[in-house]
Amino acid sequence: MVSYSNHYGNVSTHELQKEEDEEQGRHGYRPDRPPAPRRVSFSQDTSHPYYDVARHGILQVTGDDNYGRKLVIFSSCLMPPSHQLNHHHLLQYLMYTLDQYVESDYTVVYFHHGLRSCNKPSLHWLRNAYREFDRKYKKNLKALYVVHPTNFIRIIWNIFQPLISHKFGKKLTYVNYLSELRDHLSWDQLIIPPDVLRHDERLQAAQKGGLHPSSKTPPPRPPLPTQQFGVSLQYIAEKNQGVMIPPVMSQTVAYLKDNGKPVVFEQYGDIHVPAVILKTFLRELPEPLLTFPLYHQIQDVVRVESSLRVTTCKHILERLPEHNYMVLKYLLCFLNMVSQQSIINKMSPSNLACVFGVNLSWPSQGSVSLTSLTPLNIFTEILIEHYHTVFSSRCPQAEVLP
């Protein structure tokens, strides 16, 4: 059985990390620097029980915030490559350090810049870390500042949100620029690595439009051979021995089926791994699975008499390219199976259509408007509820079903 952490990593790490690495090193310009914060200190005490981790200076406990709470700083840019750092020891070191302060209120500042594919912990590690940090650690944590958040960190937060209490989630604050920390923390109390300072300067320069002439945005990189997000169905097939169903989809569906439990997408919403994977994959296709030319025909379904809508939807699907048709049929077959358990999982065709419809079709210009959602959801609901009828006219030779 594929675990959430491994499965998620297999199908999306390259894409997320490519965006992460590019986002963190896009511009270069250095305006006047604010007063220098305190230097990062590194533990030179070889008798320290976690010297192998402490010596890097990843975790710093400094002064107090504006409310008199102890300040704990975690700097991702100081994490060495994964093969040089025992992440299990890192977790133990974090707990060992916090144990000295968690009986009183404290604040955590997390500098995200510098977390890259070579040094980032696995999702499995992150999940275990959250579970290890029980109520003793969470109760007196009054604020968590995530500095320089990227799309990667926001996605990770969304994935783990089902495990995170609403009360804890309210403690999170995204900080786009270091200057925003001044509203909450004393600048001279902060210990900020030079790399983070330089990154902040580049971000502010880019925001003001003051890019250095010698630091232009690099041209987009060609897609990776293993990439499945943001590339066409044809590209995925070419890089995967001609398989017609993208592995990201087949593996996710297989995982959900192998669990042997009723699939409840309503429970997942936008924040659980299976739904995130499937919906993100569909949404990031260069062209929607139902293609641009069919968008207006799908919107017009509501104009058709109710008794003729199933036939109309069937005719629309017949206009799809063979590859799109096969992938769509695979997905809808699975959703039809989920809907058949609606008495248990509450996921009727209508509910499933609300979850997936908007990720199957959108216009070539602009985004789906609120008024366009109703016909799109009706169309998707018909495909799910009347799956066997609307997909009965075509049976491709290379067809694969879940």
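**Labels and their cut-offs**

Tutor: Asparagine 140 touches Val102, Glu103, Ser104, Asp105 and Tyr106, leaving out residues up to four places away in sequence; a contact means heavy atoms within 4.5 Å. This is a predicted model, where local features need pLDDT of at least 70, side-chain atom pairs count only at pLDDT 80 or more, and totals for chains, interfaces and linings use all residues. Residues are numbered from 1 along each chain as its sequence is written, and side-chain values use heavy atoms, with hydrogens and water left out.

Student: Where is asparagine 140 placed?

Tutor: Asparagine 140 is in the loop between helix H5 (135-139) and strand S4 (141-147). Helices (H or I, at least four residues) and strands (E, at least two) are DSSP runs, numbered from the N terminus.

Student: Why is asparagine 140 called buried?

Tutor: Buried means under 20% relative accessible area, exposed over 50%, partly exposed in between (1.4 Å probe, protein chains only). Asparagine 140 has 10%, so buried is the word.

Student: What makes phenylalanine 74 and tyrosine 110 a tilted aromatic pair?

Tutor: Rings of Phe, Tyr and Trp (its six-membered ring) pair if their centres lie within 6.5 Å; planes under 30 degrees apart count as stacked, over 60 as edge-to-face and the rest as tilted. Here we get 5.8 Å centre to centre and 40° between the planes, so tilted it is. Phenylalanine 74 lies in strand S2 (residues 70-75) and tyrosine 110 in strand S3 (residues 106-111), so the pair ties together parts 36 residues apart in sequence. Phenylalanine 74 is buried at 12% relative accessible area, and tyrosine 110 is buried at 15%.

Student: And why are tyrosine 387 and phenylalanine 391 called tilted?

Tutor: Their ring centres are 5.2 Å apart and the planes sit at 40°, so that pair is tilted. Tyrosine 387 counts as buried at 4% relative accessibility, and phenylalanine 391 does at 3%.

Student: How do you know that arginine 394 lies over the face of tyrosine 325?

Tutor: A charge sits over a ring if NZ of Lys or CZ of Arg is within 6 Å of the ring centre and within 35 degrees of the ring normal. Arginine 394 is at 4.2 Å from the ring centre and is listed as lying over the face.

Student: Where in the chain is confidence lowest, and where highest?

Tutor: pLDDT is the predictor's confidence in each residue, from 0 to 100. Helix H1 (residues 4-24) is lowest at a mean of 44, and helix H14 (residues 309-317) is highest at 95. Where pLDDT is low, the predicted coordinates should not be read in detail.
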